[in-house]
Amino acid sequence: MSVDDEMDLELLLTQYFRRQIRKGVYEFKFAHNGLEALTMLLKEKDFDIILSDINMPEMDGLTLLTKINEMQNPALKCIMVSAYGDMGNIRQAMNNGAFDFATKPIDLDDLSLTIEKAVEQINYIKTMEKEHNQLESIKGDLAVAKEIQQAILPRIFPPFPENASQLDIAASMNAAKDVGGDFYDFFRIDENRIGFVIADVSGKGVPAAIFMAVSRTLIRSTGIRGAGAAECMGYSNDLLSNESVNSMFVTVFYGIYNIQTGEVTYTNAGHNPPYMIKADGSIEQLPLSKNIAAGVFESFEFSEDTLQLEHGDMLLLYTDGVTEATDIEFKEYGEKRLEELIKQNAKADCQTMIDVVKADVKAFAGEAEQSDDITLLALKRL
C-alpha cells in the first residue's frame with residue numbers, strides 16, 4: 001500500500017512496477033492520508049508493505065506507524081518517505097520500528113531493491129510463523145497423547161480392593177519426553193491369579209509410545225485369557241515381530257501371581273532382573289534373563305520360571321531408566337546404590353518403596369535432564 005497525498009506518486013509506481021503488477025508479483029493499493037490507510041488496513045488483513053509519506057493531512061505517517069505497531073504484526077513492514085532535509089522525522093520513524101526509508105524525489109530503482117529486501121524478510125517471518133504454528137499444533141497433540149498414555153495405565157490403587165488384605169501393588173511411570181515407551185500393567189486373570197507386567201520399548205518419543213500401546217494391548221489381551229507366561233510372551237512376540245517397524249523391540253517382565261499360594265510364574269523377555277525383598281530384610285536379584293526381547297524375531301521359544309513369595313515378601317520391578325539415570329557428570333545411578341536403598345527400606349509398603357526410589361534417583365540426577373523413562377512396579381504378599 002502506498003500512502004501519500006501527492007497523486008503523481010501513484011502514477012509513477014504503477015508505471016515503474018507495471019510488469020510485476022501484470023504478472024501478479026505485486027499488487028498496489030493507494031491511500032492519500034494515514035486515516036484512509038488505517039481504514040484499509042482494518043478492512044483487509046493481507047497487506048505486507050506500507051510505503052508511507054511522513055507529512056500528510058488528517059493523520060501523518062509517524063502516527064500511522066504507531067497505529068501499525070499496535071497491530072503487532074511482525075510480517076507487516078513500513079517504508080517511510082520524506083524530504084531529504086527531514087532527517088529528524090526519518091530518524092524518529094526508524095527508531096519507532098520502520099523497516100527502511102526513502103527520500104524525495106524517490107529513486108525508484110533504489111525503492112525496488114528496498115521492497116525486494118522487505119519481501120525477503122516478510123517471507124522469512126511468515127515461514128517461521130507457519131513452523132511455529134505447526135510446532136504448537138504438535139505440542140498440543142503430544143499433550144493429548146500424554147493424557148491418553150497415562151489413561152491406559154492403571155492409576156487406581158489398590159487395583160484389587162477385594163484382595164487388599166492379601167496383596168499390595170503400586171506402580172509409577174515418568175516419561176523422559178512428552179510420551180514414553182515404558183509401561184506397566186496388572187489385571188485379573190481369574191479369582192486367584194493376577195497378571196502383572198513391566199516393559200521398556202526401544203527408542204523414545206512418539207514411535208516408542210505407539211509401540212508401547214500395541215505391546216501392552218497384546219500382552220494384556222493374551223494374558224487375560226489365561227495363557228501361561230511363556231505362551232503369552234511367545235504369542236505377543238510373534239505378532240510384534242511381524243508388525244515391527246525400524247527394528248523396534250520391547251523388553252518385558254510378565255508374571256502371574258497366585259494370591260492364595262504366593263507363587264509367581266514369570267517370563268523375563270530381556271528385561272532387568274527384578275529384586276525380591278524378603279520379609280527378614282534380605283534382598284536378592286532374580287537370575288538374568290535367558291530370553292530375547294519381544295519383537296526381535298518370531299517363533300522364539302520363551303522359557304518361564306517360578307518363585308515363591310512368602311508373607312511379607314516383595315518383588316520390585318524397574319526399567320533401566322532407574323539404574324542408568326545420570327548426574328550432570330554423567331555418572332550412573334547404578335544397581336549398587338539401588339540395592340543399598342532397598343535394604344534401608346526393606347519393610348516399606350509398595351507405594352513407599354516406589355516413592356523412595358524415585359526421590360533418590362531424582363536427588364542423584366540433580367540438575368541433569370532425565371534421559372530415559374523411569375518406571376517402577378512393586379508387588380507384596382501381605
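Colleague: Which residue stands opposite isoleucine 374 in strand 15?

Modeller: This is a predicted model. Strand 15 covers residues 374-381, and strand 6 covers residues 167-174. The two pair in the antiparallel sense over eight bridges. Opposite isoleucine 374 stands asparagine 174.

Colleague: How many residues of strand 15 are buried?

Modeller: Ile374, Leu376, Ala378 and Lys380 point one way, and all are buried. Thr375, Leu377, Leu379 and Arg381 point the other way, and they are buried too. Strand 15 is mostly covered, and its buried residues number eight of eight.

Colleague: In strand 15, what is the bridge partner of methionine 314?

Modeller: Strand 14 and strand 15 run antiparallel, joined by five bridges. In one place, tyrosine 318 stands opposite leucine 376. For methionine 314, the partner in strand 15 is lysine 380.

Colleague: Why is strand 14 described as largely enclosed by the rest of the structure?

Modeller: Met314, Leu316 and Tyr318 point one way from strand 14, and Leu315 and Leu317 point the other way. In a regular strand, side chains alternate between the two faces of the sheet. Strand 14 is largely enclosed because its buried residues number five of five.

Colleague: Which residue stands opposite leucine 315 in strand 14?

Modeller: Strand 11, residues 275-277, pairs with strand 14 in the antiparallel sense. Three bridges link them. Opposite leucine 315 stands methionine 276.

Colleague: Is arginine 18 buried or partly exposed, and what is its relative accessible area?

Modeller: Arginine 18 lies in helix 2, residues 18-23. With Arg19, Arg22 and Lys23, Arg18 forms a positive surface patch. Arginine 18 is partly exposed, and its relative accessible area is 37%.

Definitions and conventions: Residues are numbered from 1 along each chain as its sequence is written. This is a predicted model: local features need pLDDT of at least 70, side-chain atom pairs count only at pLDDT 80 or more; totals for chains, interfaces and linings use all residues. Side-chain values use heavy atoms; hydrogens and water are left out. Buried means under 20% relative accessible area, exposed over 50%, partly exposed in between (1.4 Å probe, protein chains only). Helices (H or I, at least four residues) and strands (E, at least two) are DSSP runs, numbered from the N terminus. Two strands pair if DSSP finds at least two bridges between them. Patches are made of residues with over 30% relative accessible area and no salt bridge: like charges are joined within 9 Å, nonpolar side chains (Val, Leu, Ile, Met, Phe, Trp, Tyr) within 5 Å. Accessible areas come from the Shrake-Rupley method with a 1.4 Å probe; for residues, only the protein chains shown count as cover. A salt bridge is a side-chain nitrogen of Lys or Arg within 4 Å of a carboxyl oxygen of Asp or Glu. Lys and Arg count as positive and Asp and Glu as negative; His and the chain ends are not counted. The place of a charge is taken as NZ of Lys, CZ of Arg, CG of Asp or CD of Glu.
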